[in-house]
Amino acid sequence: AVDLDVTVGDVRVRAWHRERGGAVASLATADGIVFELSWFPAERWAAELARTAVLPEHVPTGPSAVPALLDLPYGLVDAAAEAEPARRDGLLSALAAQHDIGLDVVPVLAALSTETAGRLRALVADISGKQTTVAGVVSWLLLADGWHALRTHRTEAGDRLEVRRVEAADLATELAPVLAEVRA
């Protein structure tokens with residue numbers, strides 16, 4: 001099962017995908033009143049997932065202060081997310097100074113909060129009933145230049161967050177490792 005929840009501005013789209021035996025059923029809605037129901041072969045699943053992440057035409061994109069690839073300490077990003085809405089710029093500088101990042105990270109940290117115009121969350125679970133349900137999550141942020149995948153990972157230095165620029169067509173690739181883990 002893959003449950004998608006996409007918010008862009010004030011528009012929220014939800015889609016539920018269920019795969020079994022080489023076929024996928026999908027139910028989607030943007031308003032909770034009108035629903036789209038579809039069935040398709042599993043070979044078309046990647047294209048259907050990408051369709052959920054395509055930005056509406058009215059959503060402008062432009063340059064972003066967030067680089068295409070960024071890897072930062074998780075604690076720094078988390079603290080910055082709390083400090084930025086409160087406009088505590090001095091706190092952002094103090095937090096950044098505690099880490100040897102190698103770039104002027106304060107505008108980047110601020111942009112992660114101020115540029116955010118939407119999010120995509122995909123929840124993956126085994127609902128077959130044959131084993132304990134295992135879930136995984138894929139999260140994306142919509143920044144000024146488009147979608148960015150958020151991936152946590154652990155290093156010897158601690159927990160980190162990778163922020164990587166992605167396209168709608170990358171959603172199936174992003175979900176593949178999570179699907180594999182759930183199916184294992």
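Trp140 is buried in this predicted model. Its relative accessible area is 1%. Because buried residues are those under 20% relative accessible area, Trp140 falls into that class. The residue lies in strand β7, which covers residues 135-143. Trp140 and Leu179 are separated by 39 residues in sequence. In space, their C-alpha atoms are 17 Å apart.

Asp100 gives a contrasting case. It has 80% relative accessibility and counts as exposed. The cut-off for that class is over 50%, so the value of 80% places Asp100 in it. Asp100 is found in the loop between α3 and α4. In that region, helix α3 covers residues 89-97 and helix α4 covers residues 105-114. Along the chain, Asp100 and Leu72 are 28 residues apart. A distance of 9.9 Å separates their C-alpha atoms.

The protein contains 5 helices and 9 strands. Along the sequence, these elements follow the order β-β-β-β-α-β-α-α-α-β-β-β-β-α.

Strand β1 (residues 2-8) pairs with strand β2 (residues 11-20). The two run in the antiparallel sense and share 7 bridges. Within this pair, Thr7 stands opposite Arg12 of β2. The hairpin of β1 and β2 has 2 residues between the strands. Gly9 in this hairpin takes a positive phi near 60°.

Strand β2 is also joined to β3, again by 7 bridges. These strands run antiparallel. His17 has Ser26 as its bridge partner in β3. In the hairpin of β2 and β3, 2 residues lie between the strands. Here Gly21 takes a positive phi near 60°.

Strand β3 (residues 23-29) is joined in turn to strand β4 (residues 35-41). This pair is antiparallel, with 7 bridges. The bridge partner of Ala23 in β4 is Pro41. Between β3 and β4, the hairpin has 5 residues. In the turn, Gly32 has a positive phi of about 75°.

Helix α2 spans residues 74-83. Which residues of α2 are buried? Leu76, Val77, Ala80 and Ala83 are buried in this helix. These residues lie on the same side of α2, because they cover an arc of only 125° around the axis. An α-helix has 3.6 residues a turn, so residues three or four places apart point the same way.

Values for the whole protein complete the description. Buried residues account for 39% of the 184 residues. Among contacts with a separation of 6 or more, 54% come from residues 24 or more positions apart. The C-alpha atoms fill a box of roughly 55 × 40 × 25 Å along the principal axes. The accessible surface comes to about 10,300 Å². Carbon and sulfur atoms contribute 55% of that surface. The protein carries 17 positive and 26 negative charges.

Note on methods:
Residues numbered from 1 in each chain as written. Predicted model: local features only at pLDDT ≥ 70, side-chain atom pairs only at ≥ 80, totals over all residues. Heavy atoms only, no water. Helix = DSSP H or I, 4+ residues; strand = E, 2+ residues; numbered from the N terminus. Buried < 20%, exposed > 50% of the residue type's maximum accessible area, 1.4 Å probe, protein only. Contact = heavy atoms within 4.5 Å. Areas by Shrake-Rupley, 256 points an atom, 1.4 Å probe, with all protein chains shown as cover. Lys, Arg positive; Asp, Glu negative; His and termini not counted. Charge placed at Lys NZ, Arg CZ, Asp CG, Glu CD. Pairing = 2+ DSSP bridges. Arc of directions from axis to C-beta.
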